[in-house]
Amino acid sequence: MTVQDSLLAPDLPFPIFQISQTVRRYLLYDINTVTWLRRTHNILGVFIGSLPQSPQQNVFFGLPMELQPEEATLLVEKGLAFIADDFRTHKQAVRSPPRAMANYKATARKEALATAKAVTKQKQLKTQEVLQRLNVRQGTPDADNTVDNDEPDESIFDTSTQETSSRPVSSSVIPYSSTPTTSYPPIPTPSKQSSLPLPEVSASSYALFKHLHALGYFMSPGLRFGCQFSVYPGDPLRFHSHFLAMGHDWDEEIDILDLIGGGRLGTGVKKGWLIGGAVKNSDDNEKHVATSEDGQSEIGRKPGDFHVRTFCVEWSGM
Amino acid sequence: MGDLQPSALTAYIEASRPVGVLPQDSHHHALAAQVLHNLQYQHDWTDLRIHTDSSHSARPLLKPLVSGLPPHRIYVHPDEQIEMLKQSVQEKDVPSEREWVLPTHLRETWSLRKFAELFDGIDPVPPAENQASEEKPPFPTAKGGIGSRRGGKRLMLATVGDDSTVVYYVVHDGIVKPRQN
């Protein structure tokens, strides 16, 4: 880890905000955390923030970022994060000491006033520039007009400009309303004590997710390909995805038609259809635990961890 | 109305009905015979045979498997594809490889456990009927070179539809990156 990386790393464990108790969604609001997760932990998430002025927006989303339940679970299990109750955190933050809030408001107002002043000044400078130019152009051929030139020319512009220009910039300038893009100066980070239980994930899909993640793959939601995860061999900005992954229970009955459909879909988009899941009874598969097919060392596996087997389906071309 | 003759395929399946007690159901053997027939007469595979027992453990196979030699290479690993392009080797110049074929019907269901058991019971390369056919003119088959087998165990998933259509898909054991067709 370079010095820069460690500087940008968030304070661990960082909060993942869970909004709503019924349809649980896991959000991140801090861009540093988001970029750090992507760079060092292969966690992609999905940006869901759109601009208020374009409600039809469906590309180029921004913060907040929504995590898949599997991603949130993995981060919590690794001890990097904890789940914070967004509702409670927000309520507490709003009830934060009045002085801090007042300070914040004062700062915001000061900034807004400064912006307004700067804009007014800019306007005045522009007006004067234009006036001077007009003076120079009209003044040279007709010397008589130079005296009363100022009056008619200025009247072209609306009187309000004249009024403000006659006076120095003063407190009469109406402060701009400022919309802060961040809210974290006054809102304290929630404490780890208030952490919520782990997200609910299906055991089969989580096992597959964890397995692929441990092998260094990046996973994004696979809804657009009718699978659970699109699996990328590196950052999706640099690589196309290799697999369309589907988690299954060890004894789950998989329709042959689904395998064929998945294989055909995958081959059509130059990907493989990958099925996988956690091995149930280990007595048959001890051999595989010892020599994992991908050469990944099994050292450091906790006893609760599971071995995962995967199969890839491709169209044969005949 | 003359006598209705069974179709050539039905006659073939009837004729290849195995004798004696076998570890798998007879309808699976009929399915295997149908796939074998399809491979032989539609896809020009040679040296076809049906396997009922695992090649390295005493346990019988979950389902009867077919193995055979396709007329040309069925599966080319993407890394090998790149090397072949670099060295401008034609695909027809690379010797074909013996393949495992798993006969299934479209209405079957399979599970991860079944696939795992099946893969555990087979060798990467199916044993040939006669050893002579295995002794192909050796291409420079250095490990990882062109012509060497890559990508771990694999089998062809042959699925028979109700109209006797057979489709073939490659199933790999483990994570094998896809081909760039």
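This is a predicted model: local features need pLDDT of at least 70, side-chain atom pairs count only at pLDDT 80 or more; totals for chains, interfaces and linings use all residues.
**View 1. Overall contact between chain A and chain B.** The interface brings 43 residues of chain A into contact with 39 residues of chain B. About 3500 Å² is buried between chain A and chain B, with carbon and sulfur atoms accounting for 58% of this area. On the side of chain A, the residues that lose the most area to chain B are Ile256(A), Glu314(A) and Met318(A), which together make up 23% of what that side buries.

**View 2. Polar contacts and salt bridges between chain A and chain B.** Between chain A and chain B, 15 residue pairs are in polar contact, both residues having pLDDT 80 or more. Four salt bridges are found across the interface. In one salt bridge, Arg309(A) is paired with Asp120(B), and the closest N and O atoms lie 3.0 Å apart.

**View 3. Elements and residue classes on the side of chain A that touches chain B.** Two or more residues are given to this side by each of α8 (203-214), β9 (254-255), α9 (256-268), β10 (272-278) and β11 (308-315) of chain A. Sorted by class, the side of chain A that touches chain B comprises 17 nonpolar, 13 polar and 13 charged residues.

**View 4. Strand pairing between β9(A) and β4(B).** Strand β9(A) is joined by two bridges to strand β4 of chain B, residues 109-110, and the two strands run antiparallel. Within this pairing, Asp255(A) is placed opposite Thr109(B) of β4(B).

Note on methods: Residues are numbered from 1 along each chain as its sequence is written. Chains are lettered from A and ligands numbered from 1 in the order in which they are written. Side-chain values use heavy atoms; hydrogens and water are left out. Contact means heavy atoms within 4.5 Å. Buried area is the accessible area (1.4 Å probe) that two parts lose on being put together, summed over both. A salt bridge is a side-chain nitrogen of Lys or Arg within 4 Å of a carboxyl oxygen of Asp or Glu. A polar contact is a pair of N or O atoms within 3.5 Å; within protein, one must be able to donate a hydrogen and the other to accept it, and residues adjacent in sequence count only if both atoms are side-chain atoms. Helices (H or I, at least four residues) and strands (E, at least two) are DSSP runs, numbered from the N terminus. Ala, Val, Leu, Ile, Met, Phe, Trp, Tyr, Cys and Pro count as nonpolar, Asp, Glu, Lys and Arg as charged, and the others, Gly among them, as polar. Two strands pair if DSSP finds at least two bridges between them.
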